[in-house]
Amino acid sequence: ILVEQIGIETAEGKASCLVPNSEKCTPQNVKYLDSELDENDISSRYGKYGYYFPENLERFEVTFESPEKFTDFIKRVVVQEDSDCLIIIDNILTICPVLNGEKSKSFFRKLKEIQRETRKRGVILTFIIVGHTTKNYTGGPIQLKDLSGSFNVSAMATGIYGITPYLS
């Protein structure tokens with residue numbers, strides 16, 4: 001829900017309370033690649049309140065059997081973009097369950113290639129990639145090791161934000 005909110009705020013050009021140092025900006029196109037929620041889930045969370053997503057926020061319910069098909073899809077989605085765009089991948093390991101080890105390194109290299117290609121056209125492409133902590137997470141403060149499963153996703157990130165439940 002929090003990442004979806006970041007996508008909504010980005011599409012509307014609003015400063016986000018969820019992103020440190022966020023400022024109001026030009027609305028951007030947002031592509032939300034979702035493997036966890038379907039339209040019924042979204043309707044029950046947002047629709048019952050009469051909320052409609054911004055037109056420039058597009059949701060895709062997706063899963064892929066290979067990292068190559070995943071990056072091919074991302075290329076097709078951004079090929080027509082002529083302004084800055086945010087791609088949200090939620091949740092990387094359910095969208096592409098075979099992504100691990102060497103495949104993950106190749107996948108992240110391909111994402112960088114896509115960013116370079118769009119930058120040549122004057123378009124800045126930003127990725128927010130959602131992942132979950134490992135099964136051995138104990139509930140304490142999140143450490144980088146908690147983001148390491150069969151591969152260390154934290155080694156490929158520019159910024160990492162962790163959210164833990166707070167019980168009072």
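The dialogue below takes up strands, a helix, nonpolar cores and a loop residue.

Mentor: This is a predicted model, in which local features need pLDDT of at least 70 and side-chain atom pairs count only at pLDDT 80 or more, while totals for chains, interfaces and linings use all residues. Residues are numbered from 1 along each chain as its sequence is written, and side-chain values use heavy atoms, with hydrogens and water left out.

Trainee: With which strands does E1 pair?

Mentor: Helices (H or I, at least four residues) and strands (E, at least two) are DSSP runs, numbered from the N terminus. Two strands pair if DSSP finds at least two bridges between them. Here, E1 (29-34) runs parallel to E3, joined by 6 bridges, and Leu33 stands opposite Ile89 of E3. E1 also pairs in the parallel sense with E2 (residues 57-61), over 5 bridges; there, Tyr32 has Arg59 as its bridge partner.

Trainee: How many residues of E1 are buried?

Mentor: Buried means under 20% relative accessible area, exposed over 50%, and partly exposed in between (1.4 Å probe, protein chains only). In E1, 5 of the 6 residues are buried, so the strand is largely enclosed by the rest of the structure.

Trainee: Which residues touch the most other members of the largest nonpolar core?

Mentor: In soluble globular proteins, nonpolar side chains tend to be buried together. A nonpolar core is a set of buried Ala, Val, Leu, Ile, Met, Phe, Trp, Tyr and Cys residues joined through side-chain atoms within 4.5 Å. The largest one has 21 residues, of which Leu33, Phe70, Ile74, Ile87 and Ile89 touch the most other members. Helix H3 (67-78) is among the elements that supply at least two residues, and H3 gives the most, with 5 residues. Apart from this core lies another, of 12 residues, including Ile8 and Tyr46.

Trainee: Which residues of H3 are buried?

Mentor: They are Pro67, Phe70, Thr71, Phe73, Ile74, Val77 and Val78. Seen down the axis of H3, the buried residues fall within an arc of 155° (taken from the directions from the helix axis to the C-beta atoms), so they line one face of the helix.

Trainee: Is Ser16 buried or exposed?

Mentor: Ser16 is in the loop between helix H1 (2-12) and E1, and is buried because its relative accessible area is 9%. Contact means heavy atoms within 4.5 Å. Leaving aside neighbours within four places in sequence, Ser16 is in contact with Ile6, Glu9 and Ser22.
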